[in-house]
Amino acid sequence: MSSTSATTTDARPAHEEGHGHADRNARVHPLRFLARAEAALADPVLQIAIERTTGTAERKRADAVEGFPQFDKARVLGKRIKDHVIANLDHYLLAFERNAIASGAKVHWASTAGEASRIVIGLCRDAGAKRVTRSKSMLGEEIGLPHALDEAGIDRVETDLAEHIVQLGGDTPSHIIWPSMHRTREQVSAMFHASHRVPHGEETIEAMVDSARRELRDKFFSSDVAISGANFLIADTGSTCTVTNEGNAELTTSPPRVHIVTAGIEKLVPSASHAMAMLRLLVRSATGGDITQYTTLHRGPRQPGDRDGPEEFHIVLVDNGRTRMLKEGLKEMLRCIRCGACMNHCVVFRQIGGHAYGGVYPGPMGAVLTPVFDGLGAARDLPHACTLNGRCREVCPVDIPLPTLMRGWRDRSWREGLEPPAARIGIGLFAFAASRPRIFHLGTALALRVMRLFRKNGLIQRMPLLGAWTRHRDFPAPAERSFLAMYRDAQSGKTTPGSSR
Amino acid sequence: MNTSPSAVRVGFFATCLVNAMRPNVGFASLKLLEEAGCIVEVPMQQTCCGQPAFNGGDTRDAAVLARQFIEAFEPFDHVVIPSGSCAGMVKAHYEEALADDPAWAERARRLAARTHEIMSFLVDVMGYAPQGRSLVASATYHDSCSGLRELGVHAQPRAMLGKIQGLELRPLEGHDVCCGFGGTFCVKYAPISNAIVEEKAAAVERTGAQLLLGGDLGCLMNIAGKLSRRKSDVRVLHTVEVLAGMADAPAIAESR
Amino acid sequence: MSAREDILAAVRGALGRLSVDADQVKEEADRLLDDLPAARPALDGMVPIDIFAARVSSPKVAASLDRIGDLAELPTAVERYLQSKGLPRNVALQPAAELQALDWHGIALHDAPEVDECVGVGIARAGIAETGSLVFESGPETPVLAHFLPLHHIVLVRAHSIVMYLDDYAAAALNPESPPHRNVNLITGASGTTDIEGSLVLGAHGPCHLHVVILFDGKRSVTPQAWL
């Protein structure tokens, strides 16, 4: 059998929470979430960048949806296709493996991020790779591939323009569709001037793109191994399908002798026709186009008589917490087709941007996924830093109940005792009072009295316990008596109902 | 008062915010419900719908409060609530909170079908429209997220406000964008909430409208508090206050 | 246990059963596709070539369009394009026998495109009207790099090879019984990127200009089933 897999000695201990995107702590951010968020809020350049990217994406998606009257039906179908695959995931994994092997590909399986990147490094070493070209893959980020390649001393060339910029800048993607959203043209220009052999002359975006084209051109052809991702894994033919715009993915995956695809196991679809149904949702939701410039399917290595193409084609199927999601009430999250619509429409993401989330994936999808990868203890803030407004679910092309999944994490955080004492005491006391009406009404009356002590000109501008509110907003001074107290009096004839004093 | 046997018996749930912070909303609601031909009762043992506990992850306490609510309101033909988020809690989440107890979950499901946010109740169930009321002013409208997305409240308040003579409704840019309240979110993640509500307040001010109206006191307090801090002249009211002709009360977070 | 066994066991454990009936799964998957016609743009009853041509020249694809009535006219059409853009009469020709057999009168040809190739001329296997896409299937006459290296890409597509929907092509040519190809490319317009400040720039790593020449040679449109 040509399928290989990592052995158990590489597996992480079962009790260890979080599967991590690499066996290292480089991702554990020194600052806590709120501090990162505040830094982002105070960054005027980032604020402009976020608005430009998400505002455009929102408008384009709205136009695309309006121009596709069947969008709602397509969305229902997409959800049903994904649910069908999830319910039969083992069947489709095996079908994919069988058909991929029959097409001449080699299939590898990885339970954890660490295993996955070790398999890829191993394949690179087997190929004697000195240089590797990569096209964009968020799964690659998830498994820590950039870092692993750098550690292995392999020259890693990112060919996607945004990933190239991220590589030059030494940071990480801040959006899953526009990874270098956080960079201004001035910053990009400076990076290109510093690193490109023949940088741009004019300070225009066209000239900069041209500079990147020049810089990367020969690298495509001097690469030993190509590494790419996949938007869909097509089970009935063992093919992969990738959607891109730049042409770099095809220039990356054709010249080298070895081509490796890394993909999450949830990327499976039954057939190419099912993939097309998903495709109609993906591009409209991500960039507002009806289709990307390039939709490419790979099936096996080069065939006899082909003029180009790799001699070896490897596909690494990665779990990294997906089976855990399946088991632990997060299976709807496996529908995700990585379109980014949720973050483009999220009021929180649109204020703090991607890096503040501190994980591989930002926005609502990141708030649900990061606790899986990094553990709830480390990522607890993310599902809490959400107003549960539901816009993300509304725009999700596969109707993932994101707010429900976030609340599920909150429920789990509560049950595991991870909630801070202030929250436990506050909610506990409130619930205690609320379940005892007499105490609740007494407490309300008392609170009203106390609050009125702090009012000035009908407002409360400062008050203990209300500091977080009054730092930014005024708080209305309440009426003298509660509605229920007034109503009760009105019913017993003491005062006229409807009086607001 | 209509005492015919076919009259609709409504149990009114004020919500803890209306109860503590703005009784006028409660009395305006009662007035509208009676005008619409309902017999309204206010069960005195009502407290909180349990949403703060539920959204905080304390499902067990939320279930306790859900059961309490269900028992108090089951006797009525309909339950009416002047808040999209509390009505949403009952309609969309009680069954979830009680998932571990099938008998209670079933009771929750059945009560959910008879529970309504007030504006959708007045229009969709009672076919009510305000008559002979006027308010000469310009107003803009903020759609609270739960009401909009969980309960489909959008056209109904606008339809009724359209019957108020002299009231000019101006569209709010981003009327369906969250205001950043989110319950405890606004205090736990205050800087982010502040950034969100700043944008909302700026959008409200840009309409040039004299009034901001909406259906959820939490949202309205959040936006009004920010408008007040910005020294804005905009008066913020709950929609039912305008519909009931009770808009002369001091506005939410209005300084005096 | 290997990762493979671990993953399969974890999936089965989570789903609460050991195996599935493969025929039943296939049936369910097929039935999902029954809803596909209602879930795609409503183009039934329209003429694929008309939709294709309109789409290709629309801003969404922004390719230039030409038409010929006979394959022999292709070199002239290429000449027209080269002249309109002031380009040298030197093209990389896709090694397809029927293209090589044409009289290229004076246009210098070479086989493999250079890394910085100026103009490439190729022939698409099919077209997809819904999106205005051109389909290339890799093979001895169709190297992948021919569609990606040139700055200007001129592509011939036969009118009768244009199908209406993405899934028409998928069902006909990407099913388990179809002849397999290492690479299938659906190309829709020129390459581009919006990675720098969201500004669209055409001509990222792939071609900057796509020029589509439709061959109306009088043959009837082929129904998708006839692909098999």
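Biologist: To begin with helix α3 of chain C, residues 48-57: why is it described as largely enclosed by the rest of the structure?

Modeller: In this predicted model, seven of the 10 residues of that helix are buried, so the rest of the structure largely encloses it.

Biologist: Which residues of α3(C) are the buried ones?

Modeller: They are C:Pro48, C:Ile49, C:Ile51, C:Phe52, C:Ala53, C:Arg55 and C:Val56.

Biologist: And what do the buried residues of α3(C) pack against?

Modeller: Their partners are strands of chain C, namely β1 (64-68), β5 (126-128), β8 (162-163) and β12 (209-215).

Biologist: What is the mean pLDDT of chain C?

Modeller: The mean pLDDT of chain C is 94, and 96% of its residues reach 70 or more. For the complex, the predictor gives an ipTM of 0.96 and a pTM of 0.94.

Biologist: Turning to the interfaces, how many residues of chain C are in contact with chain A?

Modeller: There are 68 residues of chain C in contact with 85 residues of chain A. On the chain C side, α1 (3-15), α2 (22-33), α6 (166-173), β9 (183-187) and β10 (192-193) each supply at least two residues.

Biologist: Which element gives the largest share of that side?

Modeller: That is α1(C), with 11 residues. By class, the side of chain C that touches chain A divides into 37 nonpolar, 19 polar and 12 charged residues.

Biologist: In what sense do β9(C) and strand β10 of chain A pair?

Modeller: Strand β10 of chain A, residues 294-298, pairs with β9(C) in the antiparallel sense, over five bridges. Within this pairing, A:Thr296 has C:Asn185 as its bridge partner.

Biologist: What about chains A and B; how many residues are in contact there?

Modeller: Contact is made by 56 residues of chain A and 61 residues of chain B. The chain A side has 31 nonpolar, 14 polar and 11 charged residues.

Biologist: Changing topic, how many residues are in the largest nonpolar core?

Modeller: That core has 303 residues, and those with the most contacts inside it are A:Met278, A:Val316, A:Leu317, B:Ala66, B:Ile223 and B:Val236. Helix α12 of chain A, residues 272-286, gives the most to the core, with 10 residues.

Biologist: Which residues does A:Val316 touch, leaving aside those up to four places away in sequence?

Modeller: With those set aside, A:Val316 touches A:His108, A:Ala110, A:Ala116, A:Ile119, A:Val120, A:Ile260, A:Val261 and A:Thr262.

Definitions and conventions
Residues are numbered from 1 along each chain as its sequence is written. Chains are lettered from A and ligands numbered from 1 in the order in which they are written. This is a predicted model: local features need pLDDT of at least 70, side-chain atom pairs count only at pLDDT 80 or more; totals for chains, interfaces and linings use all residues. Two residues are in contact if their C-beta atoms, placed from the backbone, lie within 7 Å. Ala, Val, Leu, Ile, Met, Phe, Trp, Tyr, Cys and Pro count as nonpolar, Asp, Glu, Lys and Arg as charged, and the others, Gly among them, as polar. A residue is buried if 20 or more other C-beta atoms lie within 10 Å of its own, exposed if 12 or fewer, and partly exposed in between; C-beta atoms are placed from the backbone. Helices (H or I, at least four residues) and strands (E, at least two) are DSSP runs, numbered from the N terminus. A nonpolar core is a set of buried Ala, Val, Leu, Ile, Met, Phe, Trp, Tyr and Cys residues joined through C-beta atoms within 7 Å. pLDDT is the predictor's confidence in each residue, from 0 to 100. Two strands pair if DSSP finds at least two bridges between them.
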